[in-house]
Amino acid sequence: MTVLIMIGLDEPYTLQFTASNATYWVIFAGALSGAIALYLARGWMGALGALGFARAIVGSLAIAVIASIVAGTLIVPAGGTIYAPVLMVSAFLAKPWIAAIWFAGTLGAHYLMASVQDDQDYGYTRPTGRLATEELSSLSRANLYRRN
């Protein structure tokens, strides 16, 4: 999203389609800011049901604002913190397909977080490096798996 928004800016902040260090930095800053924003707004995401979906919509807006603030600070430290949220909102209004892609991505993250939460609620968790014998009772472990 940061690259799509930065391509539409005027000089000297516009990006070209050529690979340069500035383009790589914008891509890295956008990815890092998205991850930080998703982490900070994780309380809004992953709840089940209609209320969970409504919370995910609010969370998507919060993630967009937090990500734009962080990315703006990383890309242009002096003015990016203030202008990045304004640029994001104007880009979402000018090109609604950018907003659709953003909300599809964040609602996809919400769906994945909800499925993980649902699995954890029902006790289906991924094995975390534990031994298979740890699920046995201590008596069974002592009788069947003696250590020499």
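S68 counts as buried, because its relative accessibility is 8%; buried means under 20% relative accessible area, exposed over 50% and partly exposed in between, with a 1.4 Å probe and protein chains only. This is a predicted model, in which local features need pLDDT of at least 70 and side-chain atom pairs count only at pLDDT 80 or more, while totals for chains, interfaces and linings use all residues. Residues are numbered from 1 along each chain as its sequence is written, and side-chain values use heavy atoms, with hydrogens and water left out.

**Overall.** The protein has six helices and zero strands. Helices (H or I, at least four residues) and strands (E, at least two) are DSSP runs, numbered from the N terminus. The order along the sequence is α-α-α-α-α-α. Of the 148 residues, 28% count as buried. The protein exposes about 10,100 Å². Carbon and sulfur atoms supply 66% of that area. Accessible areas come from the Shrake-Rupley method with a 1.4 Å probe; for residues, only the protein chains shown count as cover. Among contacts between residues at least 6 apart in sequence, 58% join residues at least 24 apart. Contact means heavy atoms within 4.5 Å.

**Helix pairs.** Helix α3 (residues 49-75) packs with helix α2 (residues 21-40) and also with α5. Axes are lines fitted to C-alpha atoms, for helices over the stretch in contact, and angles run from 0 to 180 degrees between N-to-C directions.

| Pair | Angle | Axis distance |
|---|---|---|
| α2 and α3 | about 140 degrees | 8 Å |
| α3 and α5 | about 125 degrees | 10 Å |

With an angle of about 140 degrees and axes 8 Å apart, α2 is therefore oblique to α3. Angles under 35 degrees count as roughly parallel, over 145 as roughly antiparallel, 65 to 115 as roughly perpendicular and the rest as oblique. α2 passes α3 in a right-handed crossing. A crossing is right-handed if the near helix is turned clockwise from the far one by less than a right angle, and left-handed if anticlockwise. On the α2 side the contact includes W25, V26 and A29. On the α3 side it includes I63, I66 and V70.

The α3 and α5 axes meet at about 125 degrees, so these helices are oblique to each other. α3 passes α5 in a right-handed crossing. G52, F53 and A56 are among the α3 residues in this contact. From α5 come W102, F103, T106, L107 and H110.

S68 sits in helix α3. Its side chain reaches the backbone oxygen of V65 at 2.8 Å. A polar contact is a pair of N or O atoms within 3.5 Å; within protein, one must be able to donate a hydrogen and the other to accept it, and residues adjacent in sequence count only if both atoms are side-chain atoms. Not counting residues up to four places away in sequence, S68 touches A84, P85 and M88.

G72 also lies in helix α3. G72 is buried, because its relative accessible area is 6%. With the exclusion of residues up to four places away in sequence, G72 touches P77, G80, T81 and A84. G72 and Y83 are 11 residues apart in sequence; their C-alpha atoms are 7.3 Å apart.

**H110.** H110 is found in helix α5 (residues 96-121). H110 counts as buried, because its relative accessibility is 8%. A polar atom of the H110 side chain lies 3.0 Å from the backbone nitrogen of G46. Leaving out residues up to four places away in sequence, H110 touches M45, G46, A47, G52, F53 and A56.
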